[in-house]
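Try each task before reading its solution.

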Amino acid sequence: MIYRLGDFQFPSAPESLYPQTPQRPWVLEVGFGDGRFWPHFARTFAAVPNYLGVEISGVSLLKAHRRLKEAGLDNAVLTKLPAEVLVREVVPHGALDLMVVNFPDPWPKAGHEDHRLLRADFFRLAASRLKPGGAVLLTTDHDEYFDFACAQAEASGVMRVERVEPPAAALETKYALKWRDLGLRPQHARFVPTAHSEVPYSGYAPYPPQEDDPTVPHSIVQLPAQFDPRTFSKHTARDPRGVWTVVLLDLYASLRRSEHGSSWVALAHVVEGDLTQEVLIDVTAREDGSTLVRLGRFGGPIITPGVKAAVGVLTDRLAELGAQVRHRGY
Ligand SMILES: C[S@@+](CC[C@H](N)C(=O)[O-])C[C@H]1O[C@@H](n2cnc3c(N)ncnc32)[C@H](O)[C@@H]1O
């Protein structure tokens, strides 16, 4: 089954993702490509473990989905997301038996190491989401990345590196076959948590079903009588701790006219680590003459610290343009 970020709970218990088989072991594959690993690996178990696959390529997602369907692998959830977001926000603490990374993008150019997945921070995150006895499995043809990942695992302070033979299934992926044809031999490591690691969730939430739910980030402002939306201009705000960046792109006249006065919609671009969302924030005139500034439902936004901040940034921006802030609910 394919899930979007908004289909998950934060975090998602196995009972919600695999209602028929919640007790089975749980395997996460990062960057599954065209999905050849899982049908091979699943066959090595008497009862097929629950599978969560994460990819950033939409084309790969569809190819892998078809392949798993044809193989009859039902207890599988695939999603198109950056792995870091899925592991941090969706996978519960101490839940995974295995995390598999086959032939990750090596980012070989000098100065591009920051793009690599297997860095110390990711190992600490992985250690916090693995069960006791769980492990991260890495197979790669790229010697320099292999050494880098091993050094990062050790630097994380929570992982032991075991150099062992790869599972046979890791040698049947598209990239494994490609490198085999070129005569390259892959390397394999098993990273085993040695210490407890506690990486918290950031506190994501789906948009609630009830339209008037007070948990939707909002504020109430009193706009000046002569408020002119043309004075609104593009504005960027950055979290001092570096968690989010909000870019308020524009303020449009709303098609959903309010009988109590003019209404607008602000378009905001919100970046939080690897997650980027474009959200709409409604600015709606109310019966008592005040104005409600509230995250819109359009596009199914996930309520994250950055999205809450976007409502705050817009509220502050309106205050700079003469509005009085009466209430902040974000
Ligand atoms: C070199 S390919 C390997 C694919 C597959 N594992 C194989 O062995 O054939 C690396 C894959 O990782 C995916 N990828 C890269 N960064 C990712 C990330 N942060 N989260 C999820 N997938 C990612 C890419 O889209 C690509 O499909």
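Buried means under 20% relative accessible area, exposed means over 50%, and partly exposed lies in between (1.4 Å probe, protein chains only). This is a predicted model, where local features need pLDDT of at least 70, side-chain atom pairs count only at pLDDT 80 or more, and totals for chains, interfaces and linings use all residues. Residues are numbered from 1 along each chain as its sequence is written, and side-chain values use heavy atoms, with hydrogens and water left out.

**Exercise 1.** Decide whether Glu 55 is buried or exposed, and find its surroundings.

Step 1: Glu 55 lies in strand S3 (residues 50-55); strands are DSSP runs of E with at least two residues, numbered from the N terminus.

Step 2: Glu 55 counts as buried because its relative accessibility is 10%.

Step 3: Leaving aside neighbours within four places in sequence, its contacts (heavy atoms within 4.5 Å) include Gly 31, Phe 32 and Lys 80.

Step 4: A polar atom of the Glu 55 side chain lies 3.5 Å from the backbone nitrogen of Phe 32.

Methods:
Helices (H or I, at least four residues) and strands (E, at least two) are DSSP runs, numbered from the N terminus. A polar contact is a pair of N or O atoms within 3.5 Å; within protein, one must be able to donate a hydrogen and the other to accept it, and residues adjacent in sequence count only if both atoms are side-chain atoms.
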